[in-house]
Amino acid sequence: MEDQELSGINFEEESKRYYPNGTFASHIIGFARTEEGHLTGVTGVEKQMEEHLREEKGEISYERDKYGSKLLNPNEVLQEPEDGHDVHLSIDQKIQTFLEDAMATVDEQYEPEKIMAAVMNPKTGEVVALGNRPSYNPNDLGEVDNWYNDIIADSFEPGSTMKMFTWASAIEEGVYNGEDTFKSGSYEVSGSTIRDHNREGWGEITYDEGFERSSNVAAAKLGYDLLGPEKYRDYLSAFHLDEKSGIDLPNEGEGRVLYDYPIEQVTTSFGQGTTTTPLQLMTAATAIANDGKMMRPYTLSKVTSSENGEIISEKEPEVIDKPISADTASQMRDLLGRVVSGENGTGSQFELNDFSLGGKTGTAQIPKEGGGYLTGKDNHIFSFLGMAPVEDPELLMYVAVKQPNLDATETGSEPVSYILKSVMENSLHYLDINPDQNNDHKVEEKEIKDYAGKDVNKTEDELKKNFNEVTVVGDGNKVKATLPESGTTMLSDQRVIVITDEPEMPDITGWSLRDVQRLAEHFDLQVESMGDGYVDKQSIKEGSQIKEEGYLVVELSTPE
């Protein structure tokens, strides 16, 4: 039609956003569509960061005669178009892929009503992966079952994942003794009876065992009898369970603390009645994983100029509260570890192969119209909130699966554990975190002393008494530095690098990327890595001079 130059037929170009990865992280990225000649963000980052992403259109103005013809001296003014900025996410593409694959498998096998999952760095608040099912392809918006980013927008009764905050509050307040005992099975309040999931109970048990077994009665006694309703309510606010997290994504929801009557104050202690979003729980749990410091979650790491890469704004980790002490957090991580690896733990099916895991299972009832709850084995929201490695968590993860189709022999934890275990195990290996579940040798923490100026051979011998991997860089006689630096606490199976006063490039075959980066930072080298796993090839030959501000390329491969 354009070639025919038909009278009255005009063509007008407009922009359209295309998403090359389809459903990948679509609830985070969102989508934009053309409205009145402009691309307008509708959901996700597209909506949140529209002012940065939107371009400024160019235009030309000139003087013309009454017939529309440009004058000989038209006083033409050209305004160049300006591109929008580049927005960078905290999402790690590899970890997001692990999550997408695991959710797709569970979605196909169990056909649940919903899946919600996210992975966070609890030390910074960075969300490194986030996903929901049903999902959607922003390139094809014809049939979309779910627009909402449920993990930040959907609030529901959390179930027993709430208990970690009840126990943490009691410990922090000084009213908790894990060896004290109580009678399990049932608890009376205001004419109502609260029961454990084992309705007969387990007899007289300790509060530590009550946490392992996920006892409702233990939670009720801690929240209502030992803490008292007013003090426990203060801790709910301290953990920010009554407010939004403030994540940098649109349409965040928030739950509601149902706390007017004694029965509501009791049921809140074990996660019933009161509602929260998954992100509210994760935000609160950063305090346990991060020695008491609660971090604000974020997905937008920085904004840069699309022309020259200059940083326009950059997100910094933000501590939003400190509801508990580091000692309380450590004690809670120990209890969470017992849920997974303890003799009576309800989370044994979540145990990882190579890493210690701490966490809490949740089985939330689903309210039905007209009051009461849905019945039946499948009609629950099954969840898990966990962190690993448990002594010093690098990742915090939440998974919830709503109303999966379970076989007669299956439990609700099976689809949840499949997602969590596969994502956690793969992600920690990918991040090069040292396994702490190796039964072949005991891994201990050791502090590196100050060896600067000391004899290299004596330093190497002394370090080898505490560390399995010690590498000397160069042929000098005196120690210039150690990597990591003195005063750093390291696991005994991690590599210690000794820099001599005559450094040369070492053979770094078999090194982890983290060790390579330590060496590169010391000599101000620029590193480019290819592949995953451990170093297989290096661009700077062994024995070569290390030039500061040089360039090092390493190829990584996964051991067979």
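**Contacts, sheets and helices in a predicted model**

Visitor: Which residue does aspartate 392 meet in a salt bridge?
Guide: A salt bridge is counted when a side-chain nitrogen of Lys or Arg lies within 4 Å of a carboxyl oxygen of Asp or Glu. For the side chain of aspartate 392 the N to O distance is 3.1 Å, and its partner is lysine 123.

Visitor: How many residues apart are aspartate 392 and lysine 123?
Guide: Helices (H or I, at least four residues) and strands (E, at least two) are DSSP runs, numbered from the N terminus. Aspartate 392 is in the loop between strand E17 (380–388) and strand E18 (395–402), whereas lysine 123 is in the loop between strand E6 (114–120) and E7. The pair thus links distant parts of the chain, and the separation is 269 residues.

Visitor: What kind of model is this?
Guide: Residues are numbered from 1 along each chain as its sequence is written, and side-chain values use heavy atoms, with hydrogens and water left out. Local features need pLDDT of at least 70 and side-chain atom pairs count only at pLDDT 80 or more, while totals for chains, interfaces and linings use all residues, in what is a predicted model.

Visitor: Which residue of E14 stands opposite valine 303?
Guide: Strand E13 (residues 300–304) pairs with E14 in the antiparallel sense, over 3 bridges. Within E14, the residue opposite valine 303 is serine 313.

Visitor: What is the pairing in the open sheet E20-E23-E21?
Guide: The edge strands of this sheet are strand E20 (469–473) and strand E21 (479–483), each of which pairs on one side only. E21 and strand E23 (residues 495–500) run antiparallel and are joined by 4 bridges, with leucine 483 and isoleucine 497 as bridge partners. For the sheet of 3 strands, the pairing is mixed.

Visitor: How are H6 and H12 placed to each other, roughly parallel or oblique?
Guide: Axes are lines fitted to C-alpha atoms, for helices over the stretch in contact, and angles run from 0 to 180 degrees between N-to-C directions. Helix H6 (residues 163–173) and helix H12 (residues 326–341) pack at about 140 degrees, with axes 10 Å apart. Angles under 35 degrees count as roughly parallel, over 145 as roughly antiparallel, 65 to 115 as roughly perpendicular and the rest as oblique. H6 and H12 are therefore oblique.

Visitor: Where does alanine 25 lie?
Guide: Alanine 25, a residue other than glycine, has a positive phi near 55 degrees. Its place is in the segment before H1.

Methods: Two strands pair if DSSP finds at least two bridges between them.
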